[in-house]
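Please open the model in a viewer and keep the selection tool at hand. The tour visits the surroundings of each ligand in turn.

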Amino acid sequence: MMLLDDKATTARVLWKRQWTPKLLSFRIARDAAYRFVPGQFARLGLRKPNGSLVWRAYSIVSASWDDHLEFYSIIVPGGQFTSLLNSVATGDEILIERQAYGFLTTNRFTDGRDLWMLATGTGLAPFLSILQDEETWRRFERLILVHGVRETAELAYREEIVALRKHPLWAEHGERLIYQPVLSRDTHGDALRGRIPALLASQALEERTGIALTPEHSRVMVCGSPAMVEDTHRALIAKGCRLSRLSAPAQIAVENGW
Ligand SMILES: Cc1cc2nc3c(=O)[nH]c(=O)nc-3n(C[C@H](O)[C@H](O)[C@H](O)COP(=O)(O)OP(=O)(O)OC[C@H]3O[C@@H](n4cnc5c(N)ncnc54)[C@H](O)[C@@H]3O)c2cc1C
Ligand SMILES: NC(=O)c1ccc[n+]([C@@H]2O[C@H](COP(=O)([O-])OP(=O)(O)OC[C@H]3O[C@@H](n4cnc5c(N)ncnc54)[C@H](OP(=O)(O)O)[C@@H]3O)[C@@H](O)[C@H]2O)c1
């Protein structure tokens with residue numbers, strides 16, 4: 001790792017995995033001093049051919065103890081950052097701000113029994129880190145991860161999510177994790193069909209998971225497109241939930257995926 005300035009450093013790309021032509025994951029080396037709380041995001045930079053820098057926010061997928069940082073990205077056709085990212089190879093350098101950011105963290109909630117994590121697309125990323133945090137498994141009786149995508153091929157990390165149940169740190173509580181895929185334009189196995197807000201309103205998510213979503217017991221984190229976050233927030237308000245604030249802890253924490 002090379003010193004860039006006080007605010008950012010460069011880190012080598014260690015690994016890249018393509019899920020579909022427009023979805024990929026990558027890992028970069030982690031500076032020993034880099035600290036984050038599961039659910040937070042990093043700011044990554046890439047240099048354009050003209051020498052200028054493009055910076056974008058990226059939720060961290062990794063566990064807080066990993067010696068690398070993993071990210072899960074969409075490739076936006078013509079997107080400034082992701083067009084560059086698409087051609088980044090193992091061994092190349094990416095810039096990273098030294099500080100992690102964000103409030104989509106479980107310490108937003110002071111109580112609660114069940115943790116619902118509602119994601120669409122790459123909004124899955126922060127929950128992968130949260131689910132590798134021992135504290136998450138200790139604090140909540142049920143961890144319900146709902147991932148909504150268009151098609152089956154976009155259900156990235158499916159095997160890794162199921163394998164999380166067997167992690168030695170919490171294997172005795174492995175059954176706490178419920179993983180519910182949602183497909184909007186496809187059908188597959190046990191995936192529900194539709195969009196998350198509608199599946200909340202119809203109670204289909206609760207019926208399928210066998211868990212009631214209530215203001216008393218449920219704490220809900222939401223990450224996806226701005227429209228998904230807005231519609232899901234509204235569906236949760238209809239169930240009596242409220243946005244959790246530092247001054248007034250409640251049930252909902254949200255983050256827009258762009
Ligand atoms: C807090 C935060 C965390 C983020 N975490 C991630 C992450 O973990 N993975 C990730 O891929 N992106 C993430 N993003 C989005 C990311 O910062 C960039 O927007 C994305 O990399 C595209 O950059 P771009 O320059 O190619 O296109 P941009 O010019 O930034 O975006 C162009 C358009 O592409 C669409 N778009 C952007 N990001 C996404 C996305 N993730 N999924 C679907 N459509 C999108 C939107 O319509 C947007 O207007 C996050 C954004 C924020 C604010
Ligand atoms: N994924 C593809 O195959 C594809 C193809 C062409 C273009 N794109 C473009 O690429 C970008 C990202 O696509 P993406 O599929 O990764 O992300 P996305 O458009 O955010 O969709 C991801 C999932 O979220 C659902 N969704 C969309 N709006 C929602 C809302 N308001 N409330 C709840 N759920 C909602 C989608 O359902 P719906 O299917 O019902 O929208 C889909 O299941 C978009 O700009 C898209 O137009 C994607």
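Begin by selecting Thr 82 together with ligand 1: a polar side-chain atom of Thr 82 lies 2.6 Å from an oxygen atom of ligand 1, a polar contact being a pair of N or O atoms within 3.5 Å, where pairs within protein also need one atom able to donate a hydrogen and the other to accept it, and residues adjacent in sequence count only if both atoms are side-chain atoms. Ligand 1 on its own has 860 Å² of accessible area, of which the protein covers 74% (Shrake-Rupley method, 1.4 Å probe; for residues, only the protein chains shown count as cover). This is a predicted model, in which local features need pLDDT of at least 70 and side-chain atom pairs count only at pLDDT 80 or more, while totals for chains, interfaces and linings use all residues. Residues are numbered from 1 along each chain as its sequence is written, chains are lettered from A and ligands numbered from 1 in the order in which they are written, and side-chain values use heavy atoms, with hydrogens and water left out.

Now display the whole shell of ligand 1. It holds 19 residues, the nearest being Ala 57, Tyr 58, Tyr 72, Thr 82 and Thr 122 (a residue is near if one of its heavy atoms lies within 4 Å). Strand E5 (53–59) is among the elements that each supply at least two residues, and E5 gives the most, with 4 residues (strands are DSSP runs of at least two residues, helices H or I runs of at least four, numbered from the N terminus). Colour the two domains as well: domain 1 (2–97) and domain 2 (106–256) each contribute at least three residues to this shell, with bounds from an automatic or database domain assignment.

Move on to ligand 2. Its shell has 15 residues, the closest being Glu 154, Ser 184, Arg 185, Arg 195 and Asp 231. Select Arg 185, where a side-chain N or O atom is 2.5 Å from an oxygen atom of ligand 2. Asp 231 has a polar side-chain atom 2.9 Å from a nitrogen atom of ligand 2, and Ala 227 a backbone N or O atom 3.4 Å from a nitrogen atom of ligand 2.

Finally, highlight helix H7 (226–237), which supplies the largest share of the shell around ligand 2, 3 residues.
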